[in-house]
Amino acid sequence: MPTIDRRRTRDPVAVRRKILDVAMDAFQASGYHSTSTHEVMRLAGVTSGALHHHFPTKKSLGLAVIQDGVARAIERTWIQPLVSARTATAGILTVFDQVAESIEANGKVLGCPLNNLSLELAAAPDADFRIALHAVFEHWHSAIEEKLRADQADGYLERIDPNSLAVLVIGTYSGAMTMAKASQTSAPLRACAQQFKQLFDSHAGSPRLP
């Protein structure tokens, strides 16, 4: 069991990050509503004062997890590989493959943190959660759309609407992760990646020469 260090910390930024990381993992495993602040304190090894100094309410902690932790997870898992890839299609297929490989290596699927919290909180009476979740989806969508438009300027996927394809990619990935969580296998991700590859190949076009 984690022990609580009651000494005054000299690194409040590290304490805040630890609380956020622990809370995000707990929300991912058990859900926001089923995770108490006492459980977060226990897992993070912090006092009530330390927790409430950074996050006065459970809601403020939940919003921070979405705006910081979940947003960083999407940035790391999706946006960075996409931006660094030669093309959007290569980046999209790489992400599907990397996530499938991670599932196969870990042998356990907890699901997409953004998807999990959206299913739990987007319909809540408090609109702040929905707005925060929507903002993460919008940033993700914009990154895919911008990469696709850059590809079209080079002659790729010219007959595809980047806005609609970005929605399709996110919706497919979110659904595949939910199916992977239910089946505890990477098979849904592998199947979707194969279908996307066929779609991309059929609409690829030829790159324009300089």
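Below we go through the fold, the helix pairs, the cavity and the pocket.

Reply: Happy to. This is a predicted model, where local features need pLDDT of at least 70 and side-chain atom pairs count only at pLDDT 80 or more, while totals for chains, interfaces and linings use all residues. Residues are numbered from 1 along each chain as its sequence is written, and side-chain values use heavy atoms, with hydrogens and water left out.

Me: How many helices and strands does the protein have?

Reply: Helices (H or I, at least four residues) and strands (E, at least two) are DSSP runs, numbered from the N terminus. Along the sequence the pattern reads α-α-α-α-α-α-α-α-α. The count is 9 helices and 0 strands.

Me: Are α4 and α7 roughly parallel or roughly antiparallel to each other?

Reply: Axes are lines fitted to C-alpha atoms, for helices over the stretch in contact, and angles run from 0 to 180 degrees between N-to-C directions. The axes of α4 and α7 (residues 127–153) come within 10 Å and cross at roughly 10°. Angles under 35 degrees count as roughly parallel, over 145 as roughly antiparallel, 65 to 115 as roughly perpendicular and the rest as oblique. So α4 and α7 are roughly parallel.

Me: And α5 with α9, roughly parallel or roughly antiparallel?

Reply: The axes of α5 and α9 (residues 187–203) come within 9 Å, crossing at roughly 165°. That angle is why α5 and α9 are roughly antiparallel.

Me: By class, which residues does the contact of α5 with α9 have?

Reply: Contact means heavy atoms within 4.5 Å. On the α5 side the residues include Ile-92, Phe-96 and Glu-101, and they meet α9 residues including Arg-190, Phe-196 and Lys-197. Ala, Val, Leu, Ile, Met, Phe, Trp, Tyr, Cys and Pro count as nonpolar, Asp, Glu, Lys and Arg as charged, and the others, Gly among them, as polar. The tally for α5 with α9 is 11 nonpolar, 1 polar and 5 charged.

Me: What about the classes where α4 packs with α6?

Reply: α4 and α6 pack at an angle of about 140°, their axes 9 Å apart. Val-65, Ile-66, Val-70, Ala-73 and Ile-74 of α4 make the contact with Pro-113, Leu-114 and Leu-117 of α6. That comes to 8 nonpolar, no polar and no charged.

Me: How much space lies in the largest cavity?

Reply: On a 1 Å grid over the protein atoms alone, a cavity is a set of points where a 1.4 Å probe fits but cannot get out, and a pocket is an open set with protein on both sides within 12 Å along at least five of seven lines; lining residues have an atom within 4 Å of a point. Searching the whole structure turns up 1 cavity of 30 Å³ or more, and residues lining the largest cavity include Met-24, Phe-27 and Asn-116. Grid points are joined across faces, edges and corners, and a volume is the space filled by probe spheres set on the points. For the largest cavity, the value is about 40 Å³.

Me: Which element gives the most to the lining of the largest pocket?

Reply: The largest pocket has a volume of about 650 Å³. Among its 24 lining residues, Gln-28, Arg-76, Thr-77, Gly-111 and Pro-113 are the closest to the centre. The elements giving two or more residues to this lining are α1 (12–30), α4 (58–84), α5 (88–106) and α8 (162–183). With 6 residues, the top contributor is α5.
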